[in-house]
Amino acid sequence: MRIDELYKQKRAERDYVMSLEIFPPKKDGDDETLIEMVKGLKGHKPDFISVTYGAGASGSRNKTLDVATQIKKEIALPVLHHLTCAANTRDEIEGILSDIGSAGIENILALRGDLQPGQILEYNLASDLIEEIKSKNKFSIGAACYPEGHLTQPGGHENIEHMLKKEIAGADYFISQLFFDNRFFYDMLERAHKERITVPISAGIMPMMSKAQVERMIFMCGASLPSDLIKIISKYENDLVDLRKASLEYAIHQMEDLVANGVDGIHLYAMNHADIANTVFRHFKGGK
């Protein structure tokens, strides 16, 4: 199923999309474990599964496509294939798009990706990649947005002009970078709507697994920590079990607030943790 059609259906029903992001395992032998995890989620009715293109835009296209294809064939859930222009030349992108289409995958999340020092891109912006994918006229295209701004953007706010440029280029919906304070997401939504951005915008939420993980995410993404979350880290930093429990409760409260305020979708960054994914989907979507 095309994910743009899924969002249209949910909007018509006054419902929201609930999706999950996974990443291909580094070890080949772990693929089966990941697929079994996703199979276990089927009873909780995730609306789609997205498969990342590797940290730092260095993932193997085959690895992403292999996992995405397995999900499509074995689990029959809509799947979203990430694709970055930072990791590939124009000719390579052409080949990857052909491979994705041949596998029967209809959905692509188009990203610029992380640049290496001195790297020169053939596609300078995600909007350039989106325009190229759109020209194929066969894919539903997602794009990223940043409630607290991209690390390359001074001022700490999403440049709504970039979002508008992505929508004009052909983005059918947005999935946000992770955030821990819903006020940043609501502020971005307000400014996006003022600029007449009309496509759905899903909120990206990630329960923290450890203090080190949060510190890494802050460095990589520039996400701010609200005082309530800082207190949780301070209280449980030496007790990993209770830290994960408290942080998951915090994330669920975040999601409950977003749903109560009519969000288009929730995109869960569960970092391939089956227990986190199962708890969240059981809470919001029920099922077995």
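**Figure 1. The largest cavity has a lining of five nonpolar, two polar and one charged residues.** Here Ala, Val, Leu, Ile, Met, Phe, Trp, Tyr, Cys and Pro count as nonpolar, Asp, Glu, Lys and Arg as charged, and the others, Gly among them, as polar. The model is predicted: local features need pLDDT of at least 70 and side-chain atom pairs pLDDT 80 or more, while totals for chains, interfaces and linings use all residues. Residues are numbered from 1 along each chain as its sequence is written, and side-chain values use heavy atoms, with hydrogens and water left out. The lining residues are Y146, P147, E148, G149, Q177, L178, C221 and A223. A cavity is a set of points, on a 1 Å grid over the protein atoms alone, where a 1.4 Å probe fits but cannot get out; lining residues have an atom within 4 Å of a point. Grid points are joined across faces, edges and corners, and the volume is the space filled by probe spheres set on the points. The structure holds two cavities of 30 Å³ or more.

**Figure 2. The second largest cavity holds about 30 Å³ of space.** Its lining is made of F180, M206, P207, M208, L229, S247, Y250, A251 and Q254. Seven of these residues are nonpolar, two are polar and none is charged. Helix α10 (residues 240-260) gives the most to this lining, with four residues. Helices (H or I, at least four residues) and strands (E, at least two) are DSSP runs, numbered from the N terminus.

**Figure 3. The second largest pocket holds about 170 Å³ of space.** A pocket is an open set of grid points with protein on both sides within 12 Å along at least five of seven lines. Y7, K10, R11, R14, D15, Y16, V17, V259, G262, V263 and D264 line the second largest pocket. By class, the lining has five nonpolar, one polar and five charged residues. Helix α1 (residues 3-12) gives the most, with three residues.

**Figure 4. Two charged ends sit over tyrosine rings, those of K285 and R90.** The charged end of K285 lies over the ring of Y16, 4.3 Å from its centre. Y16 also belongs to the lining of the second largest pocket. The charged end of R90 lies over the ring of Y123, 4.3 Å from its centre. A charge sits over a ring if NZ of Lys or CZ of Arg is within 6 Å of the ring centre and within 35 degrees of the ring normal.

**Figure 5. F179, F185 and Y186 form one aromatic cluster.** Rings of Phe, Tyr and Trp (its six-membered ring) pair if their centres lie within 6.5 Å; planes under 30 degrees apart count as stacked, over 60 as edge-to-face and the rest as tilted. By this rule there are three aromatic pairs. F185 and Y186 form an edge-to-face pair, 6.4 Å centre to centre with 65 degrees between the planes. F185 is buried, at 0% relative accessibility. Y186 is partly exposed, at 25%. Buried means under 20% relative accessible area, exposed over 50%, and partly exposed in between (1.4 Å probe, protein chains only).

**Figure 6. Helix α2 (residues 31-41) has D31, L34, I35, M37, V38 and L41 as its buried residues.** Seen down the axis of α2, these residues fall within an arc of 155 degrees, so they line one face of the helix. The arc is that of the directions from the helix axis to the C-beta atoms. An α-helix has 3.6 residues a turn, so residues three or four places apart point the same way. On the other side of α2, E32 and T33 are exposed.

**Figure 7. A76 and M271 are loop residues, the former between α3 (61-74) and β3 (79-84), the latter between β8 (265-269) and α11 (274-285).** Phi of A76 is near 60 degrees, a positive value in a residue other than glycine. A76 is exposed, with a relative accessible area of 58%. M271, not a glycine either, has a positive phi of about 55 degrees. M271 is partly exposed, with a relative accessible area of 30%.
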